[in-house]
Amino acid sequence: MQINRLSQGGRIDRSKPLGFRFNGKRYQGFAGDTLASALLANGVLLVSRSFKLHRPRGIVAAGSDEPNAIVQVGSGASTIPNLRATEVELYDGLKARSTKGWPGLRFDIAALNDRFSPLLGAGFYYKTFMRPKAFWKHYERFIRASAGFGAAPQRTDPDRYEHCNAHCDVLVAGAGPAGLMAALVAARSGARVIVADEQNEFGGALLSASATIDGQPAPDWVATVVAELSGYEDVTVLPRSTVFGYHDHNFLTLAERCTDHIGERVQGVRQRLWRVRAKQVVLAQGAFERPLVFCNNDRPGVMTASAVSTYIRRYAVCPGKRAVVFTNNDSAYETALDLRASGATVIVIDSRSGGAGALGAAVRKEGITVLAAHVVTDVTGRRKVAGVRVAQWSGDVTARVENTIRIDCDLLAVSGGWSPAVHLHSHSGGKNVWEESLHCFVPGETAQACVSAGSGNGKWALDACLRDGRDAGAAVASRCGFEAAEVPLPSASDTAVNEMQPLWRVPAVKDPDRCPKQFVDYQNDTSVADIRLAVREGYRNVEHVKRYTALGFGTDQGKLGNINGMAILAECLDEDIKDVGTTTFRPAYTPVTFGVGAGENVGELLDPVRKTAIHEWHEQHGAPFEVVGQWHRPWYFPRGDEDLHAAVARECLATRNSVGIMDASTLGKIDAQGPDVVEFLERIYTHNVGKMKVGRCAYGIMLGEDGMVMDDGVMARLAENRFYLTTTTGGAAPVLAWLETWLQTEWPELEVYLTSLTETYSTIAVAGPNSRRVLQNAGCSIDLERESFPFMSVRSANLAGIPVQLFRVSFSGELAFEVNIDSRYAEQMWRLLMQAGQEFDITPYGTETMHVLRAEKGFVIVGQDTDGSVTPVDLGMNWMLSKDKDYLGKRSLARKDCLREDRKQLVGLLSEDGKTVLPEGTQLVDDTGAPIPVPMCGHVTSSYFSACLGHPIALALVAGGRARRDETTFAAMQDGTRVPVRIVSSVFYDAKGERQNV
Amino acid sequence: MSDARTRVEVLAEIGHINLRGDPGRGAFREIAERVLGQPLPITPNTVSEGGHRVCWLGPDEWSVVTAAGDAGVLLEQLQTALAGEHAAVNDLSGGLAVVRISGADSRRLFARGCTLDFHPDKFVPGSCAQAGLAKASVLFIHTGGRDVFDLVVRRSFLDYMVRWLRHAGAELDIEFH
């Protein structure tokens, strides 16, 4: 039964009834309702329990400032926790439940907390659960269980989210009277405009206003403006879109809720993130009505006056029959009129001795009693307002008052004045300043290209809002270079108002620390007494008081309670509010879902998968892939039901004994040419580049300025002034950027051009004693014998008629060739080579075998055996360091620390039992009996079982390791055992390097 | 109505010559323009159309997009002619793929993953720009045809790019070829 539904009016569609469930119970509302308005229509006042004290709570507000009605909507994987019922549009079949209250809302066990509330003041958790320290593990379970509100879904989100980038001249945040005027002016001036509003309909406060604009009801004027805006090609109209962040460089983020109002699991994009770059921004988000702070002001049935008006006028719901309106300003008198028009009885309590202006007369004309110079001090009733206690008040906040009147009522509408929504202005870096005449913070100096307008700028009256919006629109349009369109100001009905009276807390019959709770922040159960306690305990800074009392945290981020809290803090500190200041507002303005943040960057689109030109062949031949950066490289090629170890052993032996073939295309490749290329490379690499002859290759390493090994690779001198550089797979992009940085910023005088060839050429490594014969079989156009094509040289050639660059280099220690070929022909070449190698049982191998083969030779992998703290000397590569020239990092190698004898140095390790393969990363310890923390002397960087040698091998970095040859140290295994290992040379196989040189 | 649909297709047989040189020094510009038979675009992010499509990539870098069959000859001609200049010419055809996207929803599709402003007044015919699209880097070329764009993508990213385009275009009226 919609007992509170009015028979007419409102922006709901009575012909479209919608069924919904709240806490398991069935209700009915209408299209156009929010969950909150539908609950109120059904007379549901109790919607939640409070965070700490579990007090019964009802709906307070009608928008994003709602602190109590925090609900979990939907079910299963698509549920969303912690939505404000005031923002949830009703749809048929909607399921929602309270996020607090166990076992139920009416009987909540934890409500006992309220009984003991004197013990649960600010800092209760800090004070109580810190000691004894060891007990935290017992407390934690209970505290975690009682913390927070809703529950995150446990399963993968089934819905689709997306991101959208947008550019505009003018972004208007908020489509109330000021925002609409600003958008209209900007649009008529020819600007590209985006106008966004968090609500389902544009109009803001006008949707529930009694005022007329240009003689027509305000909502009609809104419809006219929206229709015009929608007609412009370059105007984007975004309802249900919250501007939730204002970042640097006029970059703003919006969350658009596309299907949440239709239902769950709806086809299409559920929510969209707009990333907007605006030349100018108009902030027109409006203002929030402040509650008043008195005893038991949190009882269900206490609402802000504007919310009551909104429920009556927009949703045709009158939340009470016998209402009291308690105010310190004129605006709530409108609510009194609305209540009266809905058939409720009304009494107005006004703290001001003079009462209201013109509206006061209108109220009295309706026969409504107004008690001026009175305040509501306390509320009776527990799960529902039953009445109020009223006292006469002189205006002295420190005075004690005597209750003289008791009024029975079921609704208490309160208004403590208005606070502009300065959040986005604050996000943008702008300051907020206290405006003494308005008793609120207003946007101060702007830090970015934006203007605030309307009630968000401290303009309360409708005509002032319209004018402010128009002026803002004209200002931003002309700043964008447009001639601002002349838009006549619509005429708005308006009435004169009396000044509001600041009333930050209402005096009670008792001392504020002893009287019943006077709540400042409903969501966090922060009361006047909590703030006073914080100050007594020494907190003076507003940011500290916020964190100690939790004032302003939670989903509403203090939209309702912050200013009252600041003012009460100022009173306690005996300072001006402007000196106390506010806390800093940060994105997000209202909570946004993780889904909208992630957008489409989930699942297979989380990170690009880069594939080599031969990828398909690898796939067809059953290779599992290893992820290297974004590349997917074949890991090994199992035959039959071989596992990794069996396949790798076979691949290793095949390569050492006959011939193997590997896709090495992911290596970075850079073409470097120009008259100064030798000079440039001399400065980058540590070896003597100039001594390289044309047609020869060299292994090169480059150091960071700190002298640490940064990248390595083979380079080839193709011509006098042209080199072909290779980098590690992961180094391809960063090395090119590193080289360009030096060229462009430090050595612009050097004439060198660098071009990335990583993708242009694919690299096929053919390694093993039979590799030469494979290439010969494939119809190689050049003589491959040692005399004409020695180790470490490069030749242009044709293989089966296809032009290639042949490198005679080896990363396995075997006779080997690397075929560099235009990627378009790479797969064809791979197949050709497989065929040519058939008689030698040519064996494709993956990254794992490559690792084993290179480790047997003691070749390091930058990034595996090094970690950015390893010098070439640590690796035993002194022979790579030219003494004849300077190069990046050289000076750092002479630092005292780099000369230490006990630096970690690269060594080989052999498990003394001949069978333990040490896990990579294993720490090495010398003294197995040492107490914790055990001193560590090194760690394992690479470790494999070597099929060729018949035992495990490992590379490690060991402090002073080279001088410790043949000593024993211990590998600390995860299970606590210590495996003795012998320190040996890092070259395990063919120490003289004869096999690659045949 | 099929005209209105946005098409996505991967073009085959496209050649790409990367050209480096300082247009303000020596005879580089004159030689390059003579060999190409068309001007080198000097205005940032513009394209010169002629026998080839020459895209500005940087103050000293261009991409010459041409038929794959012509790239080899063009490479040799440029290398020979520019031998006396400080220049670099590379045939990158093997490493690049071209995705052509045409139709009314093209710009909306780009907006899903690219931060550039593709408004018809801003990204006009004859524009080109290097930018990220989703998590790949792309050269966007407005070919001059109404709503016809060529996206030059690194070949290792092509598979990802097409997957992303399919996903991002799911809500739009797009056909894939």
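Strand β1 (residues 13–22) of chain A runs parallel to strand β7 (residues 94–98) of chain A, and three bridges join the pair. The model described here is predicted.

The two strands belong to an open sheet of five strands in chain A, ordered β2-β1-β7-β5-β6, with mixed pairing. At its edges are β2 (25–31) and β6 (80–84) of chain A, each of which pairs on one side only. From one strand to the next, the twist averages 40°.

Elsewhere in chain A, helix α9 (residues 358–365) contains A:V363. Is A:V363 buried or exposed? A:V363 counts as buried because 26 C-beta neighbours lie inside 10 Å, and the cut-off for a buried residue is 20 or more. Apart from neighbours within four places in sequence, A:V363 contacts A:Y333, A:A336, A:L337 and A:V348, as well as A:I368 and A:V370. A:A341 stands 22 residues from A:V363 along the chain, and the C-alpha atoms of these two residues are 11 Å apart.

Chain A is also divided into domains, with the bounds listed below.

| Domain of chain A | Residues |
|---|---|
| domain 1 | 160–287 + 420–479 |
| domain 2 | 501–580 |
| domain 3 | 900–997 |

Domain 1 is given as two segments, 160–287 and 420–479. Between the C-alpha centres of domain 2 of chain A and domain 3 of chain A, the distance is 63 Å.

How values were computed:
Residues are numbered from 1 along each chain as its sequence is written. Chains are lettered from A and ligands numbered from 1 in the order in which they are written. This is a predicted model: local features need pLDDT of at least 70, side-chain atom pairs count only at pLDDT 80 or more; totals for chains, interfaces and linings use all residues. Domain bounds come from an automatic or database domain assignment. Helices (H or I, at least four residues) and strands (E, at least two) are DSSP runs, numbered from the N terminus. A residue is buried if 20 or more other C-beta atoms lie within 10 Å of its own, exposed if 12 or fewer, and partly exposed in between; C-beta atoms are placed from the backbone. Two residues are in contact if their C-beta atoms, placed from the backbone, lie within 7 Å. Two strands pair if DSSP finds at least two bridges between them. Axes are lines fitted to C-alpha atoms, for helices over the stretch in contact, and angles run from 0 to 180 degrees between N-to-C directions.
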